[in-house]
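Dear colleague,

Please find below the structure that I am handing over to you. My findings follow it.

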Amino acid sequence: MPLTRAQPAAGAEETVAPTVDLVLGASACCLACVFTNPLEVVKTRLQLQGELQAPGTYPQPYRGFVASVAAVARADGLCGLQKGLAASLLYQGLMNSVRFYCYGLACQAGLTQQPGGTVVAGAVAGALGAFVGSPAYLSVLGAMETIWRQQGLAGLWRGVGGAVPRVMVGSAAQLATFASAKAWVQERQWLPEDSWLVALAGGMISSVAVVAVMTPFDVVSTRLYNQPVDGAGRGQLYAGLADCLVKIWRQEGPLALYKGLGPAYLRLGPHTILSMLFWDELRKLAR
């Protein structure tokens with residue numbers, strides 16, 4: 001009788017060393033970022049459009065995904081669709097190396113096998129990753145020096161109050177739903193257990209959850225990072241996360257928290273799918 005490799009129980013995570021997860025997570029997310037950065041550019045333009053103005057009272061140069069891509073290309077050229085790629089790669093590398101390392105530690109300690117453990121581990125790992133990566137999300141290296149001189153060390157973490165909740169809920173949703181969805185697909189035996197299509201299906205299901213919970217925080221985070229500041233580095237439009245949420249709700253309406261939802265899914269959806277697919281396949285090679 002041929003020997004077969006013992007399989008983990010349904011829903012259990014096969015773990016690799018946290019240091020390996022650090023490298024694999026950062027690499028997978030940076031690779032996904034190269035493909036999805038143009039969508040990030042379009043999403044950001046849509047989320048900043050009509051800031052703190054009542055619907056119908058401001059011009060809308062960006063209308064829908066296709067028209068917005070065309071508008072960016074006309075204004076900035078095709079290269080404009082990859083604006084901020086260097087900063088995005090730096091952010092993805094820093095944030096996800098910390099995020100996946102911390103999540104790997106939680107898996108290694110068996111915390112993710114406890115009820116709700118994956119959600120908690122994903123949230124904590126996401127919060128720590130967002131804090132470490134916040135300066136890169138704010139600006140490219142050249143601008144960091146200027147911010148350091150004008151606003152001090154704290155200026156590099158401007159907007160972190162919006163970034164941490166954003167990544168915290170997104171990371172919790174992503175890692176928890178990916179693990180559950182992947183286990184569910186494996187249990188149905190629709191696909192070969194070791195096929196990359198299992199991870200693809202899990203990533204597609206996870207992407208819907210990520211976008212649903214993350215978009216309002218994404219809008220707030222975009223507003224906080226891009227608002228003008230005074231000489232002391234204090235925001236001139238919003239005092240923080242709660243103030244931003246209230247002002248958007250009152251002045252633009254609750255639906256404004258889902259501004260750019262289409263491009264948000266076209267950005268976060270493929271990024272989630274590709275990141276989790278690359279991460280899962282790289283982990284197989286590392287085992």
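**Helix packing and cores**

In this predicted model, helix α7 (residues 196-226) packs against α9 at an angle of about 140°, and their axes are 8 Å apart (axes are lines fitted to C-alpha atoms over the stretch in contact, and angles run from 0 to 180 degrees between N-to-C directions; helices are DSSP runs of H or I of at least four residues, numbered from the N terminus). α7 is therefore oblique to α9, since angles under 35 degrees count as roughly parallel, over 145 as roughly antiparallel, 65 to 115 as roughly perpendicular and the rest as oblique.

The largest nonpolar core has 15 residues. Such a core is a set of buried Ala, Val, Leu, Ile, Met, Phe, Trp, Tyr and Cys residues joined through side-chain atoms within 4.5 Å, where buried means under 20% relative accessible area with a 1.4 Å probe, protein chains only. Helices α1, α3, α4, α6 and α9 each supply at least two residues of this core, and α3 gives the most, with four. Apart from it lies another core of nine residues, including V219 and I248.

F178, one of the residues with the most contacts inside the largest core, touches M276, W279 and D280, among others, leaving aside neighbours within four places in sequence.

Residues are numbered from 1 along each chain as its sequence is written. Local features need pLDDT of at least 70 and side-chain atom pairs 80 or more, while totals for chains, interfaces and linings use all residues; side-chain values use heavy atoms, without hydrogens and water.

Yours sincerely

How values were computed: Buried < 20%, exposed > 50% of the residue type's maximum accessible area, 1.4 Å probe, protein only. Contact = heavy atoms within 4.5 Å.
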